Each structure stands twice: as structure tokens, then as C-alpha cells.
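Reader: I would like to go through this model term by term. Please set each value against its cut-off.

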Amino acid sequence: MSSICFLKTPEALASVLLNAFASAPGATGAGLQALSAAAPWALVEHLGTLSVYLALGSPPTADEELRAWSACTAMGNTLASLSPTSRSLLSPWAWAHLDQLCSSQSSRLVRPAMRCLCLAAVAEGRLERLLRHLRPAVQLLHSQLEAPEVDIAENGAVLRAAWLCACACEFCDLNQMATATDLGLARPTLASRGKRPRPTVGAGTQLAETLLRTCEVFLSFDLRAPLPALVMALGFALKRHSALLLRAAVETILDAGLENRPGEELLTERSLEVVTSLCDHLGQEADAGAKTSLSTHLSKLARHAPAARHLAHLGLHRRAEPSDGPVRLVALRALRALQRAGLAGHPSALGAAALPALFDVSSRQQGSALLCALARRDPQALPQCLVPGLRDAFAALLWQAPQQLALGPSKNNHLSRAATEAAKAFALSGRNAREKWLRAIVGELGNSFSEDRFPALPSELGLSRRLKPFARRASPSAAKLQETSSRSLDWTDSWPREPRLQLLYSHFLAQVLVALPLADGVHSEIKLVTEECEKFLELRAASAASAMEHEGSISDATLRICIISVVEKALLSALRAELPSRPAALLAALAPRREALLGAVLGDAAQAEQCFAEAQNGVILRSGGSPASRRDRERDGKSSISLKKRKAAGGSEKLKTPKKRKLKGSSEAGTPQVAA
């Protein structure tokens with residue numbers, strides 16, 4: 001009974017969706033496509049009903065096109081699951097409407113309609129339906145090869161012919177089903193007398209070569225407007241005829257598409273999509289063991305990995321343009337596909353490309369997926385790219401979204417979400433790799449900020465688009481600085497450039513640290529971060545405070561160390577809280593030191609000394625105990641020196657050493673006696 005219910009449930013769902021398909025094509029169309037992908041057998045009896053929605057008006061409305069596209073997709077998924085049969089699967093009325101859609105001017109409907117037509121022709125064994133469209137398309141492509149300089153911008157006949165041929169190459173095995181004469185292609189020529197004849201090339205391979213020559217001729221005549229559609233068509237044909245990847249013309253066409261000339265962003269996106277689809281398709285076939293030569297074909301795609309890594313950083317370090325985001329997103333998808341196939345290059349280079357993507361809302365999901373995949377496969381390589389990747393990410397935020405770095409009255413949710421995505425890769429790494437992560441980030445936190453180690457930063461650092469940005473200009477008066485700082489949403493808005501960058505970068509690194517799920521226990525990662533921060537406060541901060549006291553003024557280096565000390569002290573305070581509340585605790589610990597930091601920036605040595613004193617307050621020395629004063633340390637140092645001199649004198653004075661107390665129940669050797 002349960003099996004019968006299980007069989008009837010998808011069919012009942014298909015009936016319900018088809019009844020509502022006419023009135024609500026958007027939601028029900030998506031449901032039909034999902035059902036056809038999960039349970040295509042449930043729609044076999046409804047192919048006739050689906051074919052009703054293939055009819056279009058003149059001109060077609062948006063709802064009609066949406067219904068026809070959803071119906072074609074669902075029918076294609078259903079036909080793909082069927083084995084060849086002698087019975088007719090589609091009615092003559094459905095064949096007529098598929099022929100009409102294949103001849104239509106809608107580029108959105110040509111591919112799904114041709115896919116249905118190809119799969120139905122294969123299932124029914126009716127090749128004449130397919131040849132009815134392929135012969136005119138091949139003739140049109142041959143005529144275009146003879147006169148490629150003809151302007152085709154007004155009609156898309158050549159592009160539609162290329163897509164029809166590409167779909168036939170992808171979904172039909174034309175090498176077995178048809179001959180070159182059936183398609184109207186030239187017969188393969190033989191070699192001259194005395195040599196072996198050239199191996200016979202199948203009709204499908206010849207059709208794919210025709211597409212390749214079409215793209216090559218258009219590129220040679222610099223007719224680049226139709227190239228995006230032609231490159232996509234070539235990618236569809238190469239899925240079945242992957243041996244053509246060994247041709248130099250394919251590399252030339254993809255290289256031209258990945259050049260990313262101004263105004264050719266669509267060609268760049270299509271070229272990256274071709275690389276992605278070919279990597280995924282050939283990788284799946286190689287895993288299934290379909291062909292032994294697929295590894296050679298895949299290796300030809302590895303040469304495009306540097307271009308994809310470069311395009312993943314497109315526009316991050318300059319003024320944003322509308323086309324930058326889509327290109328970066330497609331480039332990250334291509335890198336993910338190349339990484340799955342093992343062709344993307346060194347993991348550290350991939351990690352450096354993925355880290356800035358975490359702080360971009362549009363590409364955060366793809367960057368996180370790539371970073372997590374790298375953490376699973378090679379976790380030891382990620383710590384090598386952390387520092388360069390975080391520097392690129394900070395520079396990109398200053399250019400693209402400076403409001404995410406603002407130090408305002410409330411927690412910055414944008415920065416916290418991005419840091420949480422980095423925490424996923426951290427959680428997937430092993431214990432040794434996690435320790436390297438922490439040491440790399442804490443070590444970078446303790447370094448003074450220098451613009452020479454970063455990409456080009458913007459001259460104006462307005463962290464919010466609602467605030468007035470500032471550039472390299474004369475320092476305002478102290479009263480104006482304090483007034484602007486008290487009224488601004490970002491309380492560093494009126495600071496000079498160098499100390500402001502130091503505070504923003506230190507706070508950025510601290511936000512990444514507090515978002516990581518640090519372990520606490522036998523191998524405590526919280527203790528590791530705490531010890532590294534206390535080491536900085538004990539050594540470098542104390543040394544800078546002594547130098548400031550000796551010189552009587554605040555130097556630029558001392559000011560940077562003062563800012564780092566305040567941030568690390570706030571970090572130590574935030575680590576005591578629970579993981580979800582650590583970002584808010586970091587900002588809460590940093591906010592009370594706002595006035596003291598502003599005074600230190602203005603050159604007030606007393607305020608800087610107060611910052612140093614508060615940062616060093618409560619720091620536990622590595623040897624244990626509380627930090628002694630500078631006078632006590634000097635006295636202890638002098639007494640140890642005098643003790644060494646007395647020992648070096650030859651033992652003229654016998655040093656008195658306290659006798660060891662003999663513990664009760666212990667032997668002469670000092671080991672406790674164990675009762676028998």
C-alpha cells in the first residue's frame with residue numbers, strides 16, 4: 001500500500017501543478033521543472049498537456065514565453081529519461097509547435113525547444129524532424145564563412161543557426177545517427193596518392209568544426225558583437241566533441257574572450273561560463289571512467305586559470321562599475337570548477353582570490369564555497385595566503401563599501417557576516433592549520449600599518465556615503481576634531497589618514513579573530529591568542545611607552561603601537577564573552593577609549609600614556625604573577641647581575657643556600673616511599 005501511495009504522489013502533484021500552470025506560470029513552472037528533474041516518470045502521461053503551452057501568439061506576451069520556456073524544460077527533462085521506443089511520444093501538433101519555436105526569433109526559447117526536438121527525435125528514431133532544421137542552419141553557416149564581413153546585427157539568423165547546430169551536437173550522437181551528406185556537409189577529403197587516406201570524420205564532429213571555424217572567422221575579421229553567443233554555442237558542442245579542445249583555435253578564442261576589453265564584459269562572462277561548464281562536464285565523465293583521454297582534454301583548460309584568478313579581482317581596487325560584480329561572480333564559479341578538476345593552480349593563490357570575495361555581498365557565497373573546498377583539500381596552504389588576502393580585502397572594502405569599516409555606536413553586521421564566512425573555512429581546518437591561522441592573523445595585528453604593503457588605496461577615506469570624505473589635507477584644529485568626532489556616525493571620520501588607517505585595519509583584523517570558533521580546553525586556541533597579545537603588550541607596548549616618556553613627545557611609530565595596544569586589549573576583553581556576542585563585546589570594549597585615542601592622535605602625551613597604562617593593566621607575564629613596575633624590574637636586574645659577579649669571583653664567599661626540607665615519609669633520594 002505504501003508503494004502505491006509513493007507512486008501516486010508525484011503523479012498527483014503533477015496534476016495539481018498542471019491545473020495551476022495556466023494562471024500562475026512563474027511559481028508552478030519552477031515546480032514543474034523541479035518535479036521533472038526529480039521524478040521525470042511522473043510527467044510521461046502529461047506530455048500532451050504540456051505541449052498545449054508551446055503555442056505562442058503574434059507577438060508573444062511575457063506570460064506566454066514563460067509558459068513555453070517552462071514547458072520545454074519540463075518536457076526535455078522527461079524525454080531525457082526515456083529509452084528509445086517505436087511508439088510516438090509527441091503528437092503532430094506538438095512537433096509543429098516545436099518547429100515553430102526553433103524558427104522563432106526568441107533566443108531564450110531556441111535552445112530548450114531544440115533540446116526537446118533532439119531528445120524526441122532520438123527517442124522515436126525520427127531523424128527527418130531534426131534534419132529539417134539542421135540543413136538550412138548548416139547552409140547559412142557555410143554562406144557566412146564565405147562572406148563574414150556582412151553585417152548581421154539586424155537579424156540573428158546566423159546566431160540562431162549556430163545554436164541549433166550546437167544543441168544537435170550536444171544532445172544527439174550525430175556521428176552514429178547521420179552522415180555528412182544528410183547534414184549537407186562537405187565530404188572529408190582524401191590525401192594525395194601514395195599516402196594513407198585521412199581518417200573519416202563523423203558528421204557530428206564536422207558540424208562542431210564548422211562552429212569552430214565560424215567563431216575563428218568572426219574573430220579574425222574583428223566582428224566581436226556576435227561572439228558571446230557563438231562562444232556559448234561552441235561550448236555546447238565541445239561537451240560531446242571534447243577532442244577539439246586540442247585545437248589551437250579553441251585556445252585562441254577563449255583567450256580573446258578572457259582579455260576583458262572595455263565594453264566586452266558579456267564576452268568575458270560567456271567565455272568563463274564555457275570554461276566552467278566544460279570543467280564540470282568533463283570532470284563528471286572522467287570520474288565515471290567514460291573516456292581515458294579526458295584528462296588530456298581537461299589539461300587544456302588549466303591554462304585559463306591565471307586569467308580567471310585575475311578576473312576574480314576585477315575592479316576591487318578602483319571605483320566600482322556595474323559590470324565588475326557579474327564578471328567577478330562568474331570568475332569565482334570558474335575557479336571553483338577548475339579547483340574541483342584539480343586545474344586551478346596552487347591553493348594559496350586560490351585562497352588569496354577567495355578571501356576578498358567574502359566581503360562582497362554579491363560574491364560572498366561563491367567565495368565561501370571555494371575557501372571551504374580549499375580547507376577540506378589542502379588546509380595547510382590557506383594560512384600562507386591569509387595575510388595577502390586580508391590586505392586585499394581591506395583595500396577592497398575601502399574602495400567598494402567603506403561603510404562596512406565604520407566604527408559607529410552599534411555593531412557592524414556587514415563585517416561580522418563576512419568574518420563568519422571565513423570562520424567556516426577555519427572550522428574545517430585541522431588543529432595545526434588552525435594554529436597557523438591564528439598566529440598569522442595575530443602577527444599581522446601586531447604590525448604597524450604601511451600603505452606600501454597594500455594595493456592602491458583611495459585618496460579619500462569617507463567610510464560612509466552620508467559622511468563628508470576627507471583626503472590628504474592639513475590637520476584641523478583640536479576643537480574641530482573633537483566636535484566632528486562627537487557628532488559623526490563614524491568616530492574616526494575626522495582623524496588624520498595614517499592613524500585612522502591603523503585603527504581601521506587593526507579593528508578589521510580583530511573582527512575576523514572574534515568571529516572564529518576558537519577552541520577552549522586542552523589545546524586552547526583562546527589561550528594562544530591571549531598569550532600572543534599579552535606578549536605584545538608586555539614587550540613592544542612597554543618599550544614604546546618608555547620611549548615616549550624618555551622623548552617627551554609622541555612619534556608616529558609610538559602612536560601606531562598605542563592604537564594596536566588599545567585594540568588588542570579590547571580583543572582580550574571580547575574573548576571572554578560567548579562566541580555570538582564577541583563582535584559587540586569588542587566594540588563595547590573599544591568605545592570607552594575613544595576620547596583617549598583622540599587625545600593621543602592630537603599629540604597629548606598624557607592621553608597616550610593613559611592608553612598604554614590601561615592596555616597593560618591586568619596583563620599576566622609569561623613567567624606568572626602580575627606585572628611589576630619599571631623600578632622593581634631594574635632592582636631585580638641589578639641584584640641578578642651582582643649575584644653573577646659573586647659567582648664569577650671563584651666562590652670566595654660561600655653562598656648560603658637554604659636546606660631542603662625533608663618531607664615526611666620520603667627517602668634520602670627525595671622520592672616518596674610507597675607502602676607495600
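Reader: Which residues does aspartate 99 touch, not counting residues up to four places away in sequence?

Author: Aspartate 99 touches Leu117, Arg129, Arg132 and His133. Contact means heavy atoms within 4.5 Å. A caution before going on: this is a predicted model, where local features need pLDDT of at least 70, side-chain atom pairs count only at pLDDT 80 or more, and totals for chains, interfaces and linings use all residues. Residues are numbered from 1 along each chain as its sequence is written, and side-chain values use heavy atoms, with hydrogens and water left out.

Reader: What makes the link between aspartate 99 and arginine 129 a polar contact?

Author: The side chains of aspartate 99 and arginine 129 are joined at 3.4 Å. The definition asks for a pair of N or O atoms within 3.5 Å; within protein, one must be able to donate a hydrogen and the other to accept it, and residues adjacent in sequence count only if both atoms are side-chain atoms. The pair at 3.4 Å is therefore listed as a polar contact.

Reader: Why is aspartate 99 called buried?

Author: Its relative accessibility is 11%. Buried means under 20% relative accessible area, exposed over 50%, and partly exposed in between (1.4 Å probe, protein chains only). So aspartate 99 counts as buried. Aspartate 99 is found in helix α5, residues 92–102. Helices (H or I, at least four residues) and strands (E, at least two) are DSSP runs, numbered from the N terminus.

Reader: Why does serine 51 count as buried?

Author: Serine 51 has 2% relative accessibility, so it counts as buried. Serine 51 is found in helix α3, residues 47–51. Beyond four places in sequence, serine 51 touches Met75, Trp93 and Ala94.

Reader: Why is the pair of phenylalanine 21 and tyrosine 53 given the class it has?

Author: The structure holds 13 aromatic pairs. In this one, the ring centres are 4.7 Å apart and the planes stand at 75°, so the pair is edge-to-face. Rings of Phe, Tyr and Trp (its six-membered ring) pair if their centres lie within 6.5 Å; planes under 30 degrees apart count as stacked, over 60 as edge-to-face and the rest as tilted. The pair links distant parts of the chain: phenylalanine 21 is in helix α1 (residues 2–21), and tyrosine 53 is in the loop between α3 and α4 (62–80), 32 residues apart.

Reader: Are these two residues buried or exposed?

Author: Phenylalanine 21 is buried, at a relative accessible area of 0%. Tyrosine 53 counts as buried at 17%.

Reader: What makes tyrosine 505 and phenylalanine 508 an aromatic pair?

Author: Their centres are 6.3 Å apart, with 20° between the planes, and the pair is stacked. Both residues lie in helix α24, three residues apart, about one turn of the helix. Tyrosine 505 is buried, and so is phenylalanine 508. Phe359, Phe394, Phe449, Phe454, Tyr505 and Phe508 form one aromatic cluster.

Reader: Why is histidine 507 called buried?

Author: Histidine 507 has a relative accessible area of 3%, so it is buried. Histidine 507 lies in helix α24, residues 497–515. Leaving aside neighbours within four places in sequence, histidine 507 is in contact with Leu407, Val567, Leu586 and Leu590.

Reader: How do you know that arginine 108 sits over the ring of tryptophan 69?

Author: The charged end of arginine 108 is 4.8 Å from the ring centre. A charge sits over a ring if NZ of Lys or CZ of Arg is within 6 Å of the ring centre and within 35 degrees of the ring normal. Arginine 111 also lies over a ring face, that of phenylalanine 236, at 3.7 Å from the ring centre.

Reader: What makes helix α28 mostly covered?

Author: Six of the eight residues of helix α28 (residues 594–601) are buried. Among them are Ala596, Leu597 and Leu598. Glycine 603 follows α28, with a positive phi near 100°.

Reader: Where is confidence lowest, and where is it highest?

Author: Confidence is pLDDT, the predictor's value for each residue, from 0 to 100. It is lowest in helix α30 (residues 630–648), at a mean of 45, and highest in helix α22 (residues 431–445), at 95. Over residues 480–488 the pLDDT is below 50.
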